[in-house]
Amino acid sequence: MEISNFWERYKVIFISRKTDFIVMGMPKCATTSFWLIMRQHSQVEFPVTGKHAMYYKKFKSVKAFEKKYWGNMQETARHGFCAEMWDSNLDVKEMSKAFHPKMKIIFILRNPVERAYSEYKYSYGMDYKNFNIRDSIEFYKLSHADAFDRYVNRNLNPNKRIFIKYYEYIAPFLRYFGEDRVKVILFEEMMQDKETIYKEIFDFLEIEEEDCPFGLKANEGGLKPLNIFAYLAYRWIVMNLLYPFTDRIRTFVYRKEVSLYCDGLLSYFMKKLLCEDEDHSKMLSRTYRKLQKYYIKDCKKLSRILGKDVQKIWFG
(Lines give C-alpha, C1' and ligand atoms only; values in the text may rest on other atoms or scores of the structure.)
Protein backbone atom coordinates (compact mmCIF):
# COMPACT_ATOMS: atom_id res chain seq x y z
CA MET A 1 0.00 0.00 0.00
CA GLU A 2 1.42 3.38 -0.96
CA ILE A 3 2.12 5.84 1.84
CA SER A 4 -0.31 8.44 0.56
CA ASN A 5 -2.92 5.72 0.08
CA PHE A 6 -2.74 4.58 3.71
CA TRP A 7 -4.28 7.76 5.09
CA GLU A 8 -6.72 8.04 2.20
CA ARG A 9 -8.06 4.51 2.77
CA TYR A 10 -8.05 4.47 6.57
CA LYS A 11 -8.98 8.09 7.29
CA VAL A 12 -12.62 7.44 8.11
CA ILE A 13 -11.60 4.69 10.56
CA PHE A 14 -9.30 7.06 12.43
CA ILE A 15 -11.67 9.98 12.66
CA SER A 16 -14.83 8.00 13.41
CA ARG A 17 -15.93 8.44 17.00
CA LYS A 18 -17.13 4.84 16.96
CA THR A 19 -13.62 3.47 16.43
CA ASP A 20 -12.26 2.97 19.94
CA PHE A 21 -8.85 1.45 19.26
CA ILE A 22 -6.44 0.47 16.51
CA VAL A 23 -3.81 -2.26 16.80
CA MET A 24 -0.66 -1.62 14.77
CA GLY A 25 2.17 -4.07 14.18
CA MET A 26 4.47 -5.48 11.54
CA PRO A 27 3.84 -8.96 10.09
CA LYS A 28 4.78 -11.81 12.45
CA CYS A 29 4.28 -9.72 15.59
CA ALA A 30 1.24 -11.71 16.77
CA THR A 31 -1.39 -9.18 15.66
CA THR A 32 -3.53 -12.03 14.30
CA SER A 33 -3.29 -13.94 17.59
CA PHE A 34 -4.18 -10.70 19.39
CA TRP A 35 -7.23 -10.31 17.17
CA LEU A 36 -8.32 -13.94 17.72
CA ILE A 37 -8.07 -13.56 21.49
CA MET A 38 -9.55 -10.09 21.84
CA ARG A 39 -12.59 -10.81 19.69
CA GLN A 40 -13.59 -13.45 22.28
CA HIS A 41 -14.09 -10.66 24.81
CA SER A 42 -17.75 -9.76 25.28
CA GLN A 43 -16.99 -6.02 25.19
CA VAL A 44 -14.79 -6.00 22.06
CA GLU A 45 -15.87 -6.19 18.42
CA PHE A 46 -13.97 -6.28 15.12
CA PRO A 47 -15.40 -6.16 11.58
CA VAL A 48 -16.79 -9.48 10.32
CA THR A 49 -14.42 -9.17 7.35
CA GLY A 50 -11.51 -9.98 9.68
CA LYS A 51 -8.91 -8.05 11.61
CA HIS A 52 -8.24 -5.71 8.67
CA ALA A 53 -10.80 -3.77 6.69
CA MET A 54 -11.24 -1.38 3.82
CA TYR A 55 -8.17 -2.06 1.70
CA TYR A 56 -10.17 -1.02 -1.33
CA LYS A 57 -13.40 0.56 -0.17
CA LYS A 58 -13.68 4.33 -0.13
CA PHE A 59 -16.48 5.95 1.84
CA LYS A 60 -17.94 9.32 1.01
CA SER A 61 -18.43 10.15 4.66
CA VAL A 62 -17.72 8.97 8.19
CA LYS A 63 -21.45 8.37 8.63
CA ALA A 64 -21.49 5.95 5.68
CA PHE A 65 -18.52 4.08 7.12
CA GLU A 66 -20.10 3.81 10.58
CA LYS A 67 -23.35 2.48 9.12
CA LYS A 68 -21.45 -0.13 7.10
CA TYR A 69 -19.09 -1.38 9.80
CA TRP A 70 -20.65 -0.57 13.15
CA GLY A 71 -24.35 -0.38 12.32
CA ASN A 72 -25.27 -3.84 13.64
CA MET A 73 -22.83 -3.98 16.54
CA GLN A 74 -23.20 -3.24 20.22
CA GLU A 75 -23.07 0.45 21.02
CA THR A 76 -21.40 -0.33 24.37
CA ALA A 77 -18.63 -2.50 22.85
CA ARG A 78 -15.09 -1.33 22.08
CA HIS A 79 -14.76 -1.28 18.30
CA GLY A 80 -11.31 -2.11 16.96
CA PHE A 81 -9.27 -2.50 13.78
CA CYS A 82 -5.80 -3.84 12.98
CA ALA A 83 -3.41 -2.05 10.62
CA GLU A 84 0.15 -2.77 9.50
CA MET A 85 2.61 -0.07 10.58
CA TRP A 86 4.94 0.25 7.62
CA ASP A 87 4.15 3.66 6.15
CA SER A 88 6.98 5.68 7.64
CA ASN A 89 6.18 9.01 5.98
CA LEU A 90 2.79 9.47 7.59
CA ASP A 91 2.29 12.96 8.99
CA VAL A 92 1.37 11.85 12.51
CA LYS A 93 1.05 15.44 13.75
CA GLU A 94 -1.66 16.17 11.20
CA MET A 95 -3.26 12.77 11.79
CA SER A 96 -3.46 13.46 15.54
CA LYS A 97 -5.57 16.56 14.81
CA ALA A 98 -8.06 14.46 12.85
CA PHE A 99 -8.31 11.54 15.29
CA HIS A 100 -11.12 11.69 17.77
CA PRO A 101 -9.74 12.38 21.28
CA LYS A 102 -10.76 9.10 22.92
CA MET A 103 -9.36 6.67 20.35
CA LYS A 104 -6.38 4.60 21.52
CA ILE A 105 -3.52 2.90 19.71
CA ILE A 106 -1.78 -0.37 20.59
CA PHE A 107 1.60 -1.23 19.05
CA ILE A 108 2.98 -4.78 19.15
CA LEU A 109 6.75 -5.03 18.66
CA ARG A 110 8.96 -8.11 18.32
CA ASN A 111 12.72 -8.67 18.21
CA PRO A 112 13.31 -7.13 14.76
CA VAL A 113 15.93 -9.72 13.77
CA GLU A 114 13.72 -12.70 14.60
CA ARG A 115 10.70 -10.94 13.11
CA ALA A 116 12.47 -10.33 9.78
CA TYR A 117 13.48 -13.99 9.44
CA SER A 118 10.00 -15.15 10.43
CA GLU A 119 8.38 -12.87 7.83
CA TYR A 120 10.85 -14.02 5.18
CA LYS A 121 9.95 -17.68 5.77
CA TYR A 122 6.24 -17.03 6.12
CA SER A 123 6.11 -15.05 2.87
CA TYR A 124 8.18 -17.71 1.08
CA GLY A 125 10.97 -15.24 0.38
CA MET A 126 8.70 -12.96 -1.62
CA ASP A 127 9.11 -9.22 -1.85
CA TYR A 128 5.51 -8.10 -2.21
CA LYS A 129 6.33 -4.99 -4.24
CA ASN A 130 9.29 -6.08 -6.39
CA PHE A 131 9.36 -9.64 -7.70
CA ASN A 132 12.90 -11.00 -8.04
CA ILE A 133 13.27 -14.39 -9.73
CA ARG A 134 16.71 -14.95 -8.15
CA ASP A 135 15.34 -14.51 -4.64
CA SER A 136 12.53 -16.93 -5.44
CA ILE A 137 14.79 -19.66 -6.83
CA GLU A 138 17.22 -19.33 -3.91
CA PHE A 139 14.40 -19.61 -1.40
CA TYR A 140 13.20 -22.82 -3.02
CA LYS A 141 16.59 -24.48 -3.67
CA LEU A 142 18.65 -23.41 -0.61
CA SER A 143 17.99 -23.86 3.08
CA HIS A 144 15.98 -20.99 4.54
CA ALA A 145 18.98 -19.86 6.57
CA ASP A 146 21.32 -19.73 3.53
CA ALA A 147 18.69 -18.10 1.31
CA PHE A 148 17.92 -15.47 3.96
CA ASP A 149 21.63 -14.75 4.39
CA ARG A 150 21.94 -13.96 0.69
CA TYR A 151 18.71 -11.94 0.76
CA VAL A 152 20.02 -9.82 3.65
CA ASN A 153 23.34 -9.19 1.92
CA ARG A 154 21.58 -7.92 -1.20
CA ASN A 155 18.59 -6.09 0.28
CA LEU A 156 19.37 -4.75 3.76
CA ASN A 157 17.98 -1.20 3.89
CA PRO A 158 15.12 0.54 5.75
CA ASN A 159 13.12 1.04 2.54
CA LYS A 160 12.38 -2.68 2.50
CA ARG A 161 9.33 -3.46 4.61
CA ILE A 162 10.95 -6.56 6.04
CA PHE A 163 13.84 -4.49 7.46
CA ILE A 164 11.79 -1.62 8.82
CA LYS A 165 12.92 0.15 12.00
CA TYR A 166 10.48 0.72 14.86
CA TYR A 167 11.59 4.01 16.43
CA GLU A 168 10.61 6.20 13.47
CA TYR A 169 7.02 4.89 13.78
CA ILE A 170 6.57 4.82 17.53
CA ALA A 171 8.15 8.16 18.51
CA PRO A 172 5.73 10.47 16.60
CA PHE A 173 2.67 8.68 17.99
CA LEU A 174 3.94 8.97 21.56
CA ARG A 175 4.81 12.62 20.97
CA TYR A 176 1.50 13.73 19.46
CA PHE A 177 -0.96 11.32 21.10
CA GLY A 178 0.57 10.94 24.54
CA GLU A 179 1.32 7.89 26.68
CA ASP A 180 -2.26 7.73 27.97
CA ARG A 181 -3.51 6.96 24.45
CA VAL A 182 -0.63 4.82 23.14
CA LYS A 183 0.38 1.44 24.56
CA VAL A 184 3.45 -0.45 23.33
CA ILE A 185 3.53 -4.22 23.90
CA LEU A 186 6.58 -6.40 23.43
CA PHE A 187 5.89 -9.73 21.76
CA GLU A 188 8.42 -11.51 24.00
CA GLU A 189 6.80 -10.27 27.22
CA MET A 190 3.37 -11.20 25.90
CA MET A 191 4.52 -14.76 25.09
CA GLN A 192 6.08 -15.10 28.53
CA ASP A 193 3.04 -14.00 30.53
CA LYS A 194 -0.06 -13.55 28.40
CA GLU A 195 -2.54 -13.20 31.24
CA THR A 196 -0.67 -10.26 32.81
CA ILE A 197 -0.20 -8.46 29.49
CA TYR A 198 -3.84 -8.91 28.48
CA LYS A 199 -4.99 -7.61 31.86
CA GLU A 200 -2.93 -4.49 31.15
CA ILE A 201 -4.65 -4.25 27.77
CA PHE A 202 -8.09 -4.60 29.36
CA ASP A 203 -7.22 -1.76 31.76
CA PHE A 204 -5.89 0.36 28.90
CA LEU A 205 -9.12 -0.12 26.92
CA GLU A 206 -11.20 0.35 30.06
CA ILE A 207 -13.04 -2.95 29.78
CA GLU A 208 -13.68 -5.65 32.35
CA GLU A 209 -11.26 -8.54 32.87
CA GLU A 210 -12.46 -11.77 31.28
CA ASP A 211 -11.03 -15.26 31.04
CA CYS A 212 -10.28 -15.24 27.30
CA PRO A 213 -8.57 -18.18 25.51
CA PHE A 214 -5.05 -16.74 25.79
CA GLY A 215 -3.48 -19.78 24.14
CA LEU A 216 -4.89 -19.08 20.67
CA LYS A 217 -2.22 -18.80 17.97
CA ALA A 218 -2.21 -18.11 14.24
CA ASN A 219 0.06 -17.94 11.19
CA GLU A 220 2.86 -20.02 12.66
CA GLY A 221 4.07 -21.04 9.22
CA GLY A 222 5.22 -24.58 8.52
CA LEU A 223 4.29 -24.60 4.81
CA LYS A 224 6.30 -24.34 1.60
CA PRO A 225 5.55 -24.56 -2.15
CA LEU A 226 5.38 -28.09 -3.60
CA ASN A 227 7.93 -27.21 -6.29
CA ILE A 228 9.31 -24.20 -8.13
CA PHE A 229 6.31 -24.11 -10.49
CA ALA A 230 3.90 -24.19 -7.56
CA TYR A 231 5.94 -21.40 -6.00
CA LEU A 232 5.56 -19.18 -9.07
CA ALA A 233 1.88 -20.08 -9.34
CA TYR A 234 1.37 -19.14 -5.68
CA ARG A 235 3.12 -15.85 -6.28
CA TRP A 236 1.05 -14.84 -9.29
CA ILE A 237 -2.29 -16.59 -8.80
CA VAL A 238 -2.76 -16.37 -5.04
CA MET A 239 -0.80 -13.26 -4.04
CA ASN A 240 -1.37 -11.08 -7.13
CA LEU A 241 -4.90 -12.17 -8.07
CA LEU A 242 -6.81 -14.04 -5.38
CA TYR A 243 -5.81 -11.99 -2.34
CA PRO A 244 -6.73 -8.63 -3.94
CA PHE A 245 -9.92 -10.16 -5.39
CA THR A 246 -11.12 -11.64 -2.09
CA ASP A 247 -10.23 -8.43 -0.23
CA ARG A 248 -12.44 -6.48 -2.60
CA ILE A 249 -15.28 -8.98 -2.19
CA ARG A 250 -15.02 -8.85 1.62
CA THR A 251 -15.08 -5.06 1.55
CA PHE A 252 -17.97 -4.49 -0.83
CA VAL A 253 -20.14 -7.42 0.25
CA TYR A 254 -20.00 -6.98 3.99
CA ARG A 255 -21.28 -10.35 5.25
CA LYS A 256 -19.73 -12.97 7.48
CA GLU A 257 -20.77 -15.79 5.09
CA VAL A 258 -18.96 -14.10 2.20
CA SER A 259 -15.84 -13.64 4.31
CA LEU A 260 -15.85 -17.36 5.19
CA TYR A 261 -16.29 -18.25 1.51
CA CYS A 262 -13.24 -16.15 0.62
CA ASP A 263 -11.23 -17.91 3.33
CA GLY A 264 -12.29 -21.26 1.88
CA LEU A 265 -11.28 -20.23 -1.64
CA LEU A 266 -7.81 -19.18 -0.48
CA SER A 267 -7.42 -22.36 1.59
CA TYR A 268 -8.28 -24.51 -1.44
CA PHE A 269 -5.47 -23.06 -3.56
CA MET A 270 -3.02 -23.12 -0.65
CA LYS A 271 -3.68 -26.85 -0.12
CA LYS A 272 -3.07 -27.48 -3.83
CA LEU A 273 0.16 -25.47 -4.04
CA LEU A 274 1.74 -25.83 -0.59
CA CYS A 275 2.99 -28.70 1.55
CA GLU A 276 4.56 -29.14 4.99
CA ASP A 277 7.89 -27.35 5.36
CA GLU A 278 10.55 -29.66 6.80
CA ASP A 279 13.26 -26.98 6.77
CA HIS A 280 13.69 -25.77 10.35
CA SER A 281 17.14 -24.25 9.87
CA LYS A 282 18.03 -21.52 12.34
CA MET A 283 19.32 -18.18 11.14
CA LEU A 284 23.07 -18.19 10.46
CA SER A 285 25.15 -16.53 13.18
CA ARG A 286 26.72 -14.10 10.72
CA THR A 287 23.26 -13.07 9.48
CA TYR A 288 22.05 -12.51 13.03
CA ARG A 289 25.12 -10.40 13.92
CA LYS A 290 24.73 -8.28 10.78
CA LEU A 291 21.06 -7.58 11.49
CA GLN A 292 21.74 -6.95 15.18
CA LYS A 293 24.31 -4.32 14.22
CA TYR A 294 21.82 -2.82 11.77
CA TYR A 295 19.10 -2.49 14.44
CA ILE A 296 21.19 -1.62 17.51
CA LYS A 297 20.93 2.19 17.30
CA ASP A 298 17.20 1.98 16.70
CA CYS A 299 16.83 -0.25 19.78
CA LYS A 300 18.75 2.22 21.95
CA LYS A 301 16.48 5.09 20.90
CA LEU A 302 13.43 2.89 21.40
CA SER A 303 14.61 1.99 24.91
CA ARG A 304 14.75 5.68 25.86
CA ILE A 305 11.19 6.49 24.85
CA LEU A 306 9.70 3.26 26.27
CA GLY A 307 11.56 3.39 29.57
CA LYS A 308 12.74 -0.21 29.31
CA ASP A 309 15.86 -1.85 27.91
CA VAL A 310 14.51 -3.48 24.75
CA GLN A 311 18.08 -4.07 23.58
CA LYS A 312 18.62 -6.37 26.57
CA ILE A 313 15.22 -8.05 26.17
CA TRP A 314 15.83 -8.76 22.49
CA PHE A 315 19.59 -9.30 22.25
CA GLY A 316 20.64 -10.19 25.82
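A pocket, found on a 1 Å grid over the protein atoms alone, is an open set of points with protein on both sides within 12 Å along at least five of seven lines, and its lining residues have an atom within 4 Å of a point. Its volume is the space filled by probe spheres set on the points, which are joined across faces, edges and corners.

This is a predicted model, in which local features need pLDDT of at least 70 and side-chain atom pairs count only at pLDDT 80 or more, while totals for chains, interfaces and linings use all residues. Residues are numbered from 1 along each chain as its sequence is written, and side-chain values use heavy atoms, with hydrogens and water left out.

**Stop 1: the second largest pocket**

Select K183, V184, I185, L306 and K308: of the 14 lining residues of the second largest pocket, these lie nearest its centre. The space in this pocket is about 240 Å³. Now colour β5, α10 (194-205) and α13 (285-306), each of which supplies at least two residues of the lining. Helices (H or I, at least four residues) and strands (E, at least two) are DSSP runs, numbered from the N terminus. Which element gives the most to the lining? Strand β5 does, with five residues. By type, the lining has nine nonpolar residues, no polar ones and five charged ones; here Ala, Val, Leu, Ile, Met, Phe, Trp, Tyr, Cys and Pro count as nonpolar, Asp, Glu, Lys and Arg as charged, and the others, Gly among them, as polar.

**Stop 2: strand β5**

Opposite V184 you will find F107.

**Stop 3: salt bridges**

The whole structure holds eight salt bridges, each a side-chain nitrogen of Lys or Arg within 4 Å of a carboxyl oxygen of Asp or Glu. Start with K183 and E200, whose side chains meet at 3.4 Å, N to O. K183 lies in β5 and E200 in α10, so this pair ties together parts 17 residues apart in sequence. K183 is buried at 18% relative accessibility, whereas E200 is partly exposed at 36%.

Then pick K104 and E206, with their closest N and O atoms 3.1 Å apart. K104 sits in β4 and E206 in the loop between α10 and β6, 102 residues apart.

For another pair, select R286 and D149, which meet at 3.1 Å, N to O. They link helix α13 to helix α7 (residues 144-155), 137 residues apart. Finish with R115, E119 and R161, which are linked in a network of salt bridges.

**Stop 4: positive phi**

Most residues other than glycine have a negative phi. Go back to E206, where phi is near 60 degrees, a positive value. Then select A30, with phi near 75 degrees, in the loop between β1 (21-25) and α2 (31-38). A30 is buried, at 15% relative accessible area.

Terms used:
Pairing = 2+ DSSP bridges. 1 Å grid on protein atoms, 1.4 Å probe; cavity = no way out; pocket = protein on both sides within 12 Å on 5 of 7 lines; lining within 4 Å. Buried < 20%, exposed > 50% of the residue type's maximum accessible area, 1.4 Å probe, protein only.
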